[in-house]
Amino acid sequence: MNSSTSAELAELRALALRTIDGATRDLIAAAKTAYSTPETGFNEHKTAAFVQERLQSLGFVVETGIARTGMKAVLRGANPGPTVAVIAELDALRVPTHPDADPDTGATHACGHHAQIGSMLGVATALSQPEFKDALSGNIAFIITPAEEFIEIQERLTLKESGELEFLSGKQEMIRLGTFDDVDMAMMVHTSAGNGDAGLSIGGTSNAHVSHQVRYLGRSAHAGGAPDQGVNALQAAMFANSAINAQRETFRESDVVRVHGIISNGGSSVNAVPGEVLYEGRVRAKSVEAIEPIAERVIRCYRAGALAMGGSVEVQSVAGYHALRQDLTMQRLFAANAELILGRDSISVLPSDQTHGGSTDMGDLSTIMPVIHPYANSASGVGHGHDYLIEDYDRAVVAPAKVMAATVLELLSNDAQLARETLVKHKPSLTAEKYVAVQRARFTTELYESK
């Protein structure tokens, strides 16, 4: 059939929900399997192999090795139309104090990405049933992305230098590689520990960011016998950090500025004046444009540390994320399906300008196509913290699978009328090609030598 009536859509939605209900135990088990093998970005080999096997067991042909560990599988409808992507993220964080952290690497899913794997598999399980093919005008792409957490920057820069990747996050790199070239819109659901009382929330935005790799170069000397002969690179970094702190009162609250950093290499031995120190900084704000004047001030602080101690500093700016822009048409459709399936009070809608202080590379994807990034309020503790745990796997895995499956069905049924209307209304801020050019221009390196 070339179109679906409301009754047919309701029947198909009911079938999808029954299929997910029947697979609930298996979907939650899949999420917990991913939880048990936490791996950081671009290193998610075990997790990727597991997800690949699960998709293949559903009959999908899976393209693997995209941006090292990413993958893609496409479910094609019987009729032409747009392609909707359902996304899940593979990677974990490093939080060594988390009770479930890997004892060797410190990696742990303290952000709930493992639950996304379960919910994505739920959508794939439901909509791969043969009854759906003729009802779909368009395709569903299941895209599993590596490296959403923007960490281990030096390791990723090494991969960049070797030519294994160019951009340092999964979706950024997959945009560059063309993985999303045949995709028209995308969705995913992230877990949360505090977005209100409703089971799901949608709306709002996130911060953009830029990362700095700051290498202080001094002169090593015996810390006890000849400290006056050294130039202390660690003191230069500490001075710069103090200068950054002195700037904080100048940051406008409306820009949602966050500036933070770590010393990832503070010297080689305690009895030698540190001659080389690596400071890793990050500047976040509500947009790439809002970051620019803040980053300029922060870079002046880096230079001040070198000047004060008589050393040098190399500042490498690394292209980070863009702010998230959620498509209002898709947002309304997702919220309506949540209310229909889970109840009237199941979802809260946040103002579109309410900014989350964190960042996501789903923001980068939102520069080139319509996306939504709802949250499943299913965790306890603090995100990225030692106490972040998924408490309710039905909310984290099953509910998102149901609402996403219903939303995809509605977008692509009835000759994909709603998907086509969404695309007509949406005005992307960048093309994929322009996005790649913008990101490349955000990588810069400068050396400041004090005189």
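1. In this predicted model, helices H1 and H11 are roughly antiparallel to each other, because their packing angle of about 155 degrees falls in the range over 145 degrees that counts as roughly antiparallel. The axes of helix H1 (residues 6-22) and H11 are 10 Å apart, and H1 passes H11 in a right-handed crossing. On the H1 side the contact is made by Leu9, Leu12, Arg13, Ala16, Leu17, Ile20 and Asp21, while H11 contributes Val398, Ala401, Lys402, Ala405, Ala406, Leu409 and Glu410. By class, the residues of this contact divide into ten nonpolar, no polar and four charged.

2. Helix H11 (residues 393-412) also meets helix H4 (residues 113-127), with axes that come within 8 Å and cross at roughly 40 degrees; the two helices are therefore oblique to each other, and their crossing is right-handed. From H4 the contact draws on His114, Ala115, Gly118, Ser119, Gly122, Val123 and Leu127, and from H11 on Tyr393, Ala396, Val397, Pro400, Ala401, Met404, Ala405, Val408 and Leu409. The residues of the contact of H4 with H11 divide into twelve nonpolar, four polar and no charged, whereas the contact of H1 with H11 has no polar and four charged residues. A reader tracing H11 in the structure will find Ala401, Ala405 and Leu409 listed in the contact with H4, and these residues are listed in the contact with H1 as well.

3. Six strands form an open sheet of mixed pairing, in the order S1-S2-S6-S3-S7-S15. Strand S1 (62-66) and strand S15 (371-372) stand at the edges, each with a single partner strand, so one side of each is left without a neighbour in the sheet. Within this sheet, strand S2 (residues 70-76) and strand S6 (residues 137-145) pair in the antiparallel sense over six bridges, and arginine 76 stands opposite asparagine 139 in S6.

4. Strand S9 (residues 200-206) and strand S16 (residues 375-377) pair in the antiparallel sense over two bridges, and the bridge partner of leucine 200 in S16 is alanine 376.

5. In the model the end C-alpha atoms of residues 214-298 lie 11 Å apart, and the span is 31% helix and 26% strand.

6. Helix H7 (residues 233-247) and helix H8 (residues 288-309) have axes that come within 7 Å and cross at roughly 140 degrees; H7 and H8 are therefore oblique to each other, and H7 passes H8 in a right-handed crossing. The contact is made by Gln235, Ala236, Phe239, Ala240, Ala243, Ile244 and Gln247 of H7, together with residues of H8 that include Arg297, Val298, Arg300, Cys301 and Tyr302. Taken by class, the residues of the contact of H7 with H8 divide into twelve nonpolar, three polar and two charged.

Note on methods. Residues are numbered from 1 along each chain as its sequence is written. This is a predicted model: local features need pLDDT of at least 70, side-chain atom pairs count only at pLDDT 80 or more; totals for chains, interfaces and linings use all residues. Side-chain values use heavy atoms; hydrogens and water are left out. Axes are lines fitted to C-alpha atoms, for helices over the stretch in contact, and angles run from 0 to 180 degrees between N-to-C directions. Helices (H or I, at least four residues) and strands (E, at least two) are DSSP runs, numbered from the N terminus. Angles under 35 degrees count as roughly parallel, over 145 as roughly antiparallel, 65 to 115 as roughly perpendicular and the rest as oblique. A crossing is left-handed if the near helix is turned anticlockwise from the far one by less than a right angle, and right-handed if clockwise. Contact means heavy atoms within 4.5 Å. Ala, Val, Leu, Ile, Met, Phe, Trp, Tyr, Cys and Pro count as nonpolar, Asp, Glu, Lys and Arg as charged, and the others, Gly among them, as polar. Two strands pair if DSSP finds at least two bridges between them.
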